[in-house]
Amino acid sequence: MNCSEARRLQALLGAVLRELRRGANASAAAAEPGAGGDASLYILLIMIFYGCLAGGLILAYTRSRKLESKHDPYHLYIERDWGRGGPGQAAEEGGAAEEERPL
(Lines give C-alpha, C1' and ligand atoms only; values in the text may rest on other atoms or scores of the structure.)
Protein backbone atom coordinates (compact mmCIF):
# COMPACT_ATOMS: atom_id res chain seq x y z
CA MET A 1 0.00 0.00 0.00
CA ASN A 2 1.52 3.31 -0.97
CA CYS A 3 1.08 6.63 0.79
CA SER A 4 -1.61 8.01 -1.50
CA GLU A 5 -3.92 5.07 -0.85
CA ALA A 6 -3.41 5.36 2.91
CA ARG A 7 -4.36 9.06 2.83
CA ARG A 8 -7.39 8.34 0.68
CA LEU A 9 -8.47 5.53 3.02
CA GLN A 10 -8.00 7.76 6.05
CA ALA A 11 -10.08 10.52 4.43
CA LEU A 12 -12.81 8.05 3.56
CA LEU A 13 -12.93 6.64 7.10
CA GLY A 14 -12.98 10.17 8.54
CA ALA A 15 -15.95 11.08 6.33
CA VAL A 16 -17.82 7.93 7.37
CA LEU A 17 -17.14 8.68 11.04
CA ARG A 18 -18.41 12.29 10.68
CA GLU A 19 -21.55 11.03 8.92
CA LEU A 20 -22.24 8.48 11.64
CA ARG A 21 -21.78 11.06 14.39
CA ARG A 22 -24.08 13.52 12.64
CA GLY A 23 -26.77 10.81 12.19
CA ALA A 24 -26.47 9.74 15.82
CA ASN A 25 -26.85 13.32 17.06
CA ALA A 26 -29.92 13.90 14.87
CA SER A 27 -31.64 10.75 16.06
CA ALA A 28 -30.79 11.47 19.71
CA ALA A 29 -32.27 14.97 19.43
CA ALA A 30 -35.47 13.64 17.86
CA ALA A 31 -36.07 11.00 20.53
CA GLU A 32 -37.96 11.98 23.67
CA PRO A 33 -36.14 11.30 26.94
CA GLY A 34 -38.93 9.25 28.62
CA ALA A 35 -40.18 7.31 25.61
CA GLY A 36 -38.41 4.05 26.51
CA GLY A 37 -39.51 4.03 30.14
CA ASP A 38 -42.87 2.37 29.52
CA ALA A 39 -41.40 -0.32 27.30
CA SER A 40 -38.77 -1.31 29.83
CA LEU A 41 -41.39 -1.40 32.59
CA TYR A 42 -43.60 -3.64 30.45
CA ILE A 43 -40.69 -6.00 29.72
CA LEU A 44 -39.81 -6.08 33.43
CA LEU A 45 -43.39 -6.96 34.39
CA ILE A 46 -43.57 -9.74 31.81
CA MET A 47 -40.25 -11.18 33.01
CA ILE A 48 -41.48 -11.10 36.63
CA PHE A 49 -44.72 -12.81 35.61
CA TYR A 50 -42.97 -15.64 33.78
CA GLY A 51 -40.41 -15.95 36.57
CA CYS A 52 -43.18 -16.39 39.14
CA LEU A 53 -44.95 -18.86 36.87
CA ALA A 54 -41.80 -20.96 36.42
CA GLY A 55 -41.01 -20.78 40.14
CA GLY A 56 -44.53 -21.89 41.03
CA LEU A 57 -44.37 -24.83 38.65
CA ILE A 58 -41.00 -25.92 40.02
CA LEU A 59 -42.26 -25.60 43.60
CA ALA A 60 -45.44 -27.55 42.84
CA TYR A 61 -43.45 -30.31 41.14
CA THR A 62 -40.99 -30.68 44.00
CA ARG A 63 -43.76 -30.70 46.59
CA SER A 64 -45.67 -33.35 44.66
CA ARG A 65 -42.56 -35.55 44.57
CA LYS A 66 -42.15 -35.18 48.35
CA LEU A 67 -45.77 -36.18 49.01
CA GLU A 68 -45.17 -39.65 47.60
CA SER A 69 -44.06 -41.52 50.69
CA LYS A 70 -43.09 -45.10 51.36
CA HIS A 71 -46.31 -45.56 53.36
CA ASP A 72 -48.50 -44.99 50.33
CA PRO A 73 -50.78 -48.05 49.82
CA TYR A 74 -49.65 -48.39 46.23
CA HIS A 75 -45.99 -48.54 47.26
CA LEU A 76 -46.81 -51.02 50.01
CA TYR A 77 -48.61 -53.21 47.45
CA ILE A 78 -45.63 -53.13 45.11
CA GLU A 79 -43.22 -53.92 47.93
CA ARG A 80 -45.34 -56.71 49.39
CA ASP A 81 -46.57 -58.47 46.26
CA TRP A 82 -43.94 -57.70 43.63
CA GLY A 83 -40.86 -57.33 45.80
CA ARG A 84 -40.23 -61.06 46.41
CA GLY A 85 -39.90 -62.16 42.83
CA GLY A 86 -43.33 -61.57 41.37
CA PRO A 87 -46.96 -62.30 42.13
CA GLY A 88 -46.79 -65.98 41.20
CA GLN A 89 -44.21 -66.89 43.80
CA ALA A 90 -46.56 -66.55 46.79
CA ALA A 91 -49.17 -68.77 45.10
CA GLU A 92 -46.63 -71.49 44.41
CA GLU A 93 -45.42 -71.53 47.99
CA GLY A 94 -48.96 -71.92 49.32
CA GLY A 95 -48.19 -70.01 52.51
CA ALA A 96 -50.15 -67.48 54.48
CA ALA A 97 -49.68 -64.82 51.80
CA GLU A 98 -52.21 -66.61 49.62
CA GLU A 99 -54.86 -66.44 52.35
CA GLU A 100 -54.22 -62.74 53.10
CA ARG A 101 -54.56 -61.65 49.51
CA PRO A 102 -58.03 -60.24 48.73
CA LEU A 103 -59.92 -61.55 45.75
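Q: In which helix is the place of F49?
A: The structure is a predicted model. In this model, F49 falls within the stretch of residues 37-67. That stretch is helix α2.

Q: Is F49 buried, partly exposed or exposed?
A: Buried means under 20% relative accessible area and exposed means over 50%, with partly exposed in between. The relative accessible area of F49 is 49%, so F49 is partly exposed.

Q: What is the area of the nonpolar surface patch that includes F49?
A: F49 contributes to a nonpolar surface patch together with Y42, I43, I46, M47, Y50, L53 and L57. The area made by these residues is about 880 Å².

Q: How far apart are the end C-alpha atoms of residues 39-61?
A: The unreviewed UniProt entry lists residues 39-61 as "transmembrane region". Over these residues the chain is 100% helix and 0% strand.

Q: Which term, exposed or partly exposed, applies to R22?
A: The cut-off for exposed is over 50% relative accessible area. E19 has 45% and is partly exposed. R22 has a relative accessible area of 54%, and therefore R22 is exposed.

How values were computed:
Residues are numbered from 1 along each chain as its sequence is written. This is a predicted model: local features need pLDDT of at least 70, side-chain atom pairs count only at pLDDT 80 or more; totals for chains, interfaces and linings use all residues. Side-chain values use heavy atoms; hydrogens and water are left out. UniProt positions are given in the numbering used here, feature names are shortened, and annotations may be inferred rather than shown by experiment. Helices (H or I, at least four residues) and strands (E, at least two) are DSSP runs, numbered from the N terminus. Patches are made of residues with over 30% relative accessible area and no salt bridge: like charges are joined within 9 Å, nonpolar side chains (Val, Leu, Ile, Met, Phe, Trp, Tyr) within 5 Å. Accessible areas come from the Shrake-Rupley method with a 1.4 Å probe; for residues, only the protein chains shown count as cover. A salt bridge is a side-chain nitrogen of Lys or Arg within 4 Å of a carboxyl oxygen of Asp or Glu. Buried means under 20% relative accessible area, exposed over 50%, partly exposed in between (1.4 Å probe, protein chains only).
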